[in-house]
Every structure is written in C-alpha cells, then in structure tokens.
Amino acid sequence: MNTQNTTLHIKLWHREFWLMAFANLLLTMAVYMLVPTLPLWMLYEEGMSAEETGVAMGIFALGIVLPGPFCSYLVQRYRRNMVCVWAIAALAAGIFFMGHDNDRLPTSFVYGLRLLMGAAFGLAQMVLASTLIIDTCESNRRTEANHSATWFGRFALALGPLAGLLVYHAAGFQTVQWAAMGCCALSAVLILLVGFPFRVPEDHVPLFSLDRFFLTGAWPLFLNLLLVSVGLGIVFALSLSEDFYGLMMLGFVLALLAQQYVFRDAELKSEAVSGLLLAGAALLVLLFHAESPLSAPLLGLGVGIVASRFLLFFIKLSHHCQRGTSQSTFMLGWEGGIALGLGIGWSCFDGDCQAMLYTAMGCIVAALLVYNGFTHSWFVRNKNR
C-alpha cells in the first residue's frame, strides 16, 4: 500500500523547539487578528469602499512574495535569527502606523502599509520555517519538526481571528493593534531566547536566488494548494462570528487526531481527497444551513487535513538541500492564497454571501478534481523522498 506518515517523537519537543513553535504561533496570530477586524476599521472608521478594502487585503499577498528572492542572501550575509527579528519588528511597525492617527489615512498609504506588512511577514516566515526551526533539530527529526511547527501556525488561523474579534468588540480596533504588536514582540523575544551560532557566509552569495524561496519543480502542487487557500480566504471575508472560529479550532484539533489515528496506515491519496470533501461539505452547510454549528469544525477538519498533507508533499518533492525551499513554497501558496482570497472576497461580491460561498465551493471542487485527476499521480512519479 502506498502510504507515508510522520510519526511524532518525544525527543523533538525540547526547549528550543517549543520556543520556535510558539514564536510561529504568535507571529501568525498577529497577522490573523487583523483578518476580521482590519476590514471593519477600513470600512467604518476610514470610510474606504469595499473595493479599496479588498485591494488593501489582497495586496498583502504581493508583499509576501517580494522578499523571497533575497531570503537566501539575507540569511547567509547576516545573522539569521536577527533577520527574522527585524522582519517581525517591521511587521509590528506596519500594524502600529495603520491606525495611529485619528485623521483619515490616504488610501495609497494604507496600500503601502499592507504591502510592507506582507513583505515583513513573508520574510519572517521564510526565515523561521526554512532555517531557524530546522536549525534547532537533529537531521532525522526535521520533517517531523516542519510538520509539527506548521500546525502551530495553522492553529493561529482560528485563534488569531477569535482573539481579534473578542478584543475588537470589547475595546476597539486600536486595542487589537496593541494586542497584535504584543504578539509580535513576544514572538521576537522567544526567537532571541534561542542561541543560533553565526555561520560564515559562502563566497559570492548571489543577491537574487530561488533558494529558500520557490521550489520550481513543485509548481503543479503549488497551484493545487493555491486553489484551496484562495477558497479559504474567500470564506474568511465573510462576517464570521467568534463562535465560528472557536469551533474551527476544534476542527483543527480533530484533524490532528485524525492524522495520527484515522489516516496512519491509509492509502496516500485518501487523506487529501477526504480533506477536500470535508471542506466542501462545510461550505454546503454554510450555504444551506448557515446557523448550523457543524460548518466550522468541518471546515477546520478538512482544511487541516489537506494543508498538513500538502506540506509533506512539498517536503517529499524536494532534494536534501531544498527542504527550506519547500517550506517557503508551501508558505507562499498557503498564506498568499488566503490573502488573495480575502482580497477577492471583499472587492468582488458587494457583500453577496451566497456568491462568495459558491465561488469558494468552486475553488474547492476544482482543487479536488485537479488533485484526483492529475496532481496525485504526478506527485507519485516525481517525489524524491
């Protein structure tokens, strides 16, 4: 039977790895606290149109991509942990300036800040996932480390919006900003608590490189992942409640348990297909029974299974020296796709929730058809691990 699993070992969970995992959680929470609250501030406090709000949310995806070609140069030329810390500081600065003044900010300034925030988050994530987390682990634990640490970032998809909405309704958007900046500060402190030895850079390090940026041989899987994440981003553009995100977190926990017990010895194809079917079922429930509490845990369960499996696929498509590049490629497809979906959701549907859900459903169905008809067999032929 064609199966591939990632077994968890207690030896991985040492102090340094825990610090890096929680740094990833806090960094991602800082960004996702703004997902449901920043558009409200743009619309009701800044007076921006829905189209302008959508552009501001979507341009974050472009920012994520921008630092990628420079990532390898930066982590070889400078201390890698400090590159990550300064990127997190830039993200916190962007969050601060987004609403520091009572006067209406120029729309172009908001776009620029969102672009900066995307670039800072993208660089921080690339360095953290492709370099720092790997550096804290033994070579035979690195796949498990990547898999486990990414789950902490995935939890932030539910915990970030949940915390953001609770703070927003209790104390307003400026308090959300301070909470997000606090998450950034704690994330940076956790990274600084881990010692990373300085490494002498290689001779003639190129300024531009695909290393630690994009795994060109994985482009079919990247496009397949993009369909899933864009669909999820469109769903996040809906006015979802705190209860929805709380139940979505429950779905993520169920997905983690399902990976360890339900899919442990299952056929390789079953995990991605099952996850996409569950995500589609969640959208159907949202469409026809919006008040049902089943949609959120189903979505978390399906998306958690699919995202986790696709991450392992990226790792297994890479050669030994490309592990970090595979991590960055997954991050680009996942985070960039969600930001792009948010932009589409806010700018293209004029508040039509049904049209948004049908479009998200179309993305999930397309992802399922592409995966089942092409991507899976292509992966089996091209995997390197």
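User: Which helix gives the most residues to the lining of the second largest pocket?

Analyst: This is a predicted model, in which local features need pLDDT of at least 70, side-chain atom pairs count only at pLDDT 80 or more, and totals for chains, interfaces and linings use all residues. Residues are numbered from 1 along each chain as its sequence is written, and side-chain values use heavy atoms, without hydrogens or water. Helices are DSSP runs (H or I, at least four residues) numbered from the N terminus, and α10 (242–261), α12 (295–317) and α14 (353–382) each supply at least two residues of this lining. The greatest contribution, 3 residues, comes from α10.

User: How many residues line the second largest pocket?

Analyst: On a 1 Å grid over the protein atoms alone, a pocket is an open set of points with protein on both sides within 12 Å along at least five of seven lines, and lining residues have an atom within 4 Å of a point. Nearest the centre of this pocket lie Ser 239, Leu 240, Phe 244, Leu 286 and Ala 290.

User: Which helix gives the most to the lining of the largest cavity?

Analyst: A cavity is a set of grid points where a 1.4 Å probe fits but cannot get out, and the whole structure holds 6 cavities of 30 Å³ or more. The largest cavity is lined by 16 residues, with Asn 24, Gln 125, Thr 150, Phe 330 and Met 331 closest to its centre. Two or more lining residues come from each of α1 (15–32), α6 (107–135), α7 (142–171) and α13 (323–348). With 6 residues, the leading contributor is α7.

How values were computed. Points joined across faces, edges and corners; volume = space filled by probe spheres on them.
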